[in-house]
Every structure is written in structure tokens, then in C-alpha cells.
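Some terms used for a protein structure rest on a cut-off.

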Amino acid sequence: MTEVGLRLAHKTTCGELMRILHLNPIVVCASLFAVLSSLPISAQNSADHDTPVFRAETRQVLVDVVVRDHGGRFIAGLKPDAFTILEGGKPQKIVAMTMHAQSATPAAPAAPLKLPPNQYTNYTVTDPDRPLTLVLLDLLNTQAIDQAYARRQMIEFLRALPPGRKVALFVLGTKLRMLQGFTGDSDTLVAAAKMLRPDNSLLMTSEADRQNLEIPAASLDNNTSARGSPAASASSGVSMAAAIETALAAEHEHQQIQRMGLTLEALASLARAVSAYPGRKNLLWLSSEIPLFFGPDFQLFEQSAGPSRAGNHPTDLRAQASPLHETAALFTASQIAVYPIDIRGVTNTGTGMSISSPTLIGGANEGGSMSTRFSRRMGQMQWDDREAMSDIARETGGTAFFGTNDLKGALETSTQEGENYYTIAYAPENHKWDGKYRKIELKCSATGAKLTYRRGYYAVADRFVSPNTKAVEGEVAHLFATAMQPEAPTSTAVLLKVQVLPPDTSHKTVRIDYAINPRDVIFAGTPENERHLTLDLMVVAWDKDGKDGGHSSDRIDSSVPTKVYENVLRSYIPAHQELELRPGTYTLRLGVVDRSSGKIGTLDVPLTITAPQSSDK
């Protein structure tokens, strides 16, 4: 693989470029230049690896497809003419195809980058032929009672990882946290997983809790009726049981909408975190409920909701349609296949408590009708959950697993299925990027071939390449602020390298010098035939307690002549920041956001500042 380094073009020096961009000159520009050629700033710029790459500029669409025979074995050695691809029912021309198949004796993992002291990057050396695996334990959408078993099964899976398989571990609560970045070290992953503890989701109400409120309310209504008292509220004419049921349904609706928003935000953050890594990524999602659909034909309210909830809920979910489509598009661009795994295993529907209580006057008929209603509701909710899991797997090219207690086996099957696949690239004939869903159909001439691939995508245009309205500015700022939080995974949509120098006898501040990949950001054309760049830079020093120990932000907002722009593309975008901190131990979260595209790059740098030594007189 050819590594594209960051080199200064001879016609534009580092200092000249800094002055053009109205930035403070980089004091250590020469030392940065000496090592920049060793940094492969983007695997997407590789010249001699033939894996097709999704880039917004070329508008190529990638489809990863797993081809298996009737026995479940991968069919290798197929040529492009063995495949036919259709978009919206119309044949498309395949422009590139690559097979990714793991050998019986995997090659040794690539050596990590060796950087000089005080230099860091968010680029990671990976094998483009071997998919990355992301394991997500979803505490937000899972009852605490189911979390402990899932954690044990996940640890067993991590303990048995084969050599060379790169895995990252994430957990979703009200925010997404990265517990461990990509590593092939099983012991490191197991140690991170053991740090997890069950956590009650504040945005979920269990079926047992609902029944614990509904059954006493029904008993009260029946007891009141038996004594000849009015069974309904005089003011509303609604029974106590009906009022409780309506309130619980409204609470469930509110909780689901909240969880949907938080889950979408987490998935988008996850997609941005791995966007620069080449090839397929397999997301193993351990959850009991997925509160969203990626497909175009999903119901806007659950089947289990009943007609009483069909009023406001569809409108609320329609408001989520835009971020849902955009998140689905991020998964498409980042080549993420989702493998949802229902951690509840084998479940039985029924009541959460006994309804044969003597206080429930009305006899067996009343109790039986409640039992039937509860069982029907639980069965329908289970159908909703499994349909959501099947939908997101179908729309991303993965497989859903439910109805099994062997969660470790489901995790292993997911990783094995996603390791051998073909990547097919085509340029769609429809050039109108209007955000609408486009159905993909893939056919293979191999006898008995079973294909697993994503069934479509949303033709979402570059959202932020539009007049800078306050709404867009606010949304970019929100994304950037979220990415700068200490628990957020580092983002690779913009690749960068930094040099961080702590204070010394000559400098009271922490000095940070950036080298930003110019091919990851947008230089917008201007009427003056120049190229305009708008980047925000931020550094936040998080202390050991997760508190902000100090921060600094700057902006590059300038136009450069076309000739300078051409030179920048062959080198890098330099920037400089300084930050004054008290003595202590910190994690610096460094970030860059392109205001035109919304792309974000972040990385973490450990830093310890010692107190100055006073000299004895």
C-alpha cells in the first residue's frame, strides 16, 4: 500500500501558508515537516490497493455482499460478470469489485505507527482486507435484569478472540462511551468489559412494572362497582384502570421517542468515529430493544401501541425522519453492517404478576381477560422489537439474532459471517441527491448462492454545503460539542496529526501544532476564483475527575489563491494553539470541525504537568 504523507510544497512554505490563513506561525514547523512524510494521512488515498472507496465527490455507491452456498460456506473466486445490480429496478454498471477472504493462516498484523515523542494522530494502521469489529452493549434500551447475562457472554466471546482480529468496545447509556479502542489483545478487551456494571435505564418501564400498576387499578374499579359506587370518575367518565393504562401508554411513548433520539445520536457518533478506516465494519449490537427503523416502509407507531396512541406519536416520529435518514446515510458511507443480538434470549409472553388476587372482584373471567390482554400486548411488543432488529440488519447488510440464549455463539457467528465478502462499486445513473430512499437489488449467477447485502440507501446530499443559516451553524456546533466530550469516541472523518509540548522553563503554556489533512475538508469556490476554508479548532483538558481543567478554541476562516490551494492539497493545513493549565494529570481532547461539511476529527493526548521546582537560595 502506498502511504500518502504530508509534505510541504516547495512553492509555499509553512510560515507563508500560516500568514495567508491568518494564523500564528508554527514555531516548530521544521520539526513537524521532518516527520510528516512518515504519516499516512489517509488510507482512502491509497494508490495501489484496488478496494473501491466511497467519496461524496465521486458519488460512487459501495455494496458489501456476503455470498454463501446452501451449506453456509463463502463462495470465493467470483468475477464481476457473476453479479447484476439494480437500483430502483434499473440495471447499473459495476465499476469495480474486490473480494475479501481470510486465509486459514492470517497474516501478521500491521506494525503500529512509530511517532517521535510528543506527537500523536487519530490515524490507525489497519488491514483493509480484514473487517473491523465493533461490540456495542446497549444499556439504554435494555432492562437491568438482562444486562448481567449479556455481559458474561460478551466477556466469554472476547476471551476466545482469534489472533489478529481488531475489536473496539462501546457502551450506550444516555451517551455513547468507548471503553476500549481497536485492539487485537483479548486480555485488554476482557479487562475493559469487566469494568461494566448493570445500569437501570431511566427511559424504560418494564412490563412487570406496568402490570403492577394496571392490576390494582382494575381491582379498585371492580371493588367499587361491586359496592354500588360509581366505577368512573364523575368529571371525565373514565375508569381508574383506563386512566392508568392511558398514562402508562403516554409515558412509554415519551420514553421511546427520547431513546430514539439518543440512539440515533450515538449511532451517528459511532459512524463518524470509524469513517476513515477502509473496508467493512461489523457492528455487533447487544440490546433487547431497538427503537428505530432504517428502512423506508416502517410503521410510524408500534403495532402494540393500539389505536389510542395513534394521535401524536406519528407526528413525533416524523420529526425524527431527517436525522434517521442522515444516520442511515452515515452507516452507508462508513460501510457498517449491523448484527443486532437480542440479549433476552428465549422469552415467554405472559403477565408479570399473579392476577388471581381475591381483591380482583369479577372472578376468573376478569382475570382471564386481563391475562389475555397482557399476553397479546407482550407478544406484539416482541414482534415490534424483532422486526426493528431485522430491519436494521437488512438495511445495512447484517443479520439479526433473537430467540437464542447462546449470545456468545451469536457474536462469533456475526464476526465470521462478516469476514468474507465482496465489495461492489457502481456510479448510480440517478444523479439527483434528493434524500429519497433508493432500493438496491443484487443478483448472482452462482448456483444456489445466498446473498446478504444492504437493500438500499438514502440519497442524502452534503447537508452543510449550503448557505450558513443559524440552524446549520447551531447543528454543527452541537455535533462538535458532543464530539469533544471525554466519553465520546474519537472521530476520524478529518485525519490530523499533532505535536503537543508541555510547559518548560521558556514557555508557560502547552503548545499544540496541528497538521490537518486537506483532502478531508472542503475548500469552497468563491466569485474571486479563490478557495475558502472554514475550520474550528478546540482543545479541552479533561482532568482525572472528568472536569474541564481548561480549554481554548480558534477558527480558520480565510480564502486562499487557487495556486496556494493546489499546494495545500499536496501538503497539509497547519494550525497552532496554546493553553495554560495548572499542574496536574489531564487528557487533552483535540478537535477540528469543517464548518462546510460537518466532518469532525478528534484525538486524545495524555498530558502531565508538574509543578515548577523552586530553587534554593
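Q: What makes β5 and strand β15 a pair?
A: In this predicted model, three bridges join β5 to strand β15 (residues 496–501). Two strands pair if there are at least two bridges between them, so β5 and β15 pair. The two run antiparallel, and Tyr 120 stands opposite Val 498 in β15.

Q: Why are β5 and β20 called edge strands?
A: The open sheet has four strands in the order β5-β15-β16-β20, with antiparallel pairing. β5 (119–121) and β20 (573–579) each pair on one side only, and are therefore its edge strands. From one strand to the next, the twist averages 20 degrees.

Q: Why is Asp 342 called buried?
A: Asp 342 has a relative accessible area of 2%. Buried means under 20%, so Asp 342 is buried. Asp 342 lies in strand β10 (residues 336–342).

Q: What is in contact with Asp 342, leaving aside its neighbours within four places in sequence?
A: The contacts are Ser 287, Ser 288, Met 389, Phe 401, Phe 402, Thr 404 and Leu 407.

Q: What makes the approach of the Asp 342 side chain to the backbone nitrogen of Arg 344 a polar contact?
A: The side chain of Asp 342 reaches that backbone nitrogen at 3.0 Å. The limit for a polar contact is 3.5 Å, so the pair is within it.

Q: How does the span of helix α3 compare with the one expected?
A: Helix α3 (residues 144–159) has 16 residues and reaches 23 Å from its first C-alpha to its last. That is close to the 22 Å expected at 1.5 Å a residue.

Q: What covers the buried residues of α3?
A: The buried residues of α3 include Ala 150, Met 154, Ile 155 and Leu 158. Among the elements that cover them are β6 (132–138), β7 (167–172), α4 (186–194), β9 (281–287) and α10 (407–417).

Q: Which residues of α10 are buried, and what covers them?
A: They are Leu 407, Gly 409, Ala 410, Leu 411, Ser 414, Thr 415 and Glu 417. Their cover includes β1, β6, α3, β9, β10 and β13.

Q: Which residues have the most contacts inside the largest nonpolar core?
A: This core has 35 residues, and those with the most contacts inside it are Leu 283, Leu 292, Phe 294 and Phe 331. β6, β7, α6 (240–273), β9, α8 (321–333), β10 and α9 (363–396) each supply at least two of its residues. The largest share, seven residues, comes from α6. Apart from this core lies another, of 33 residues, among them Ile 516, Leu 537, Ala 541 and Val 568.

Q: What is in contact with Leu 292, leaving aside its neighbours within four places in sequence?
A: Leu 292 is in contact with Met 260, Thr 263, Leu 264, Leu 267, Leu 324, Ala 388 and Ile 392.

How values were computed: Residues numbered from 1 in each chain as written. Predicted model: local features only at pLDDT ≥ 70, side-chain atom pairs only at ≥ 80, totals over all residues. Heavy atoms only, no water. Buried < 20%, exposed > 50% of the residue type's maximum accessible area, 1.4 Å probe, protein only. Polar contact = N/O pair within 3.5 Å; in protein donor to acceptor, adjacent residues only side chain to side chain. Contact = heavy atoms within 4.5 Å. Expected span 1.5 Å × (residues − 1). Core = buried A, V, L, I, M, F, W, Y, C linked by side-chain atoms within 4.5 Å. Axes fitted to C-alpha atoms, helices over the stretch in contact; angles between N-to-C directions.
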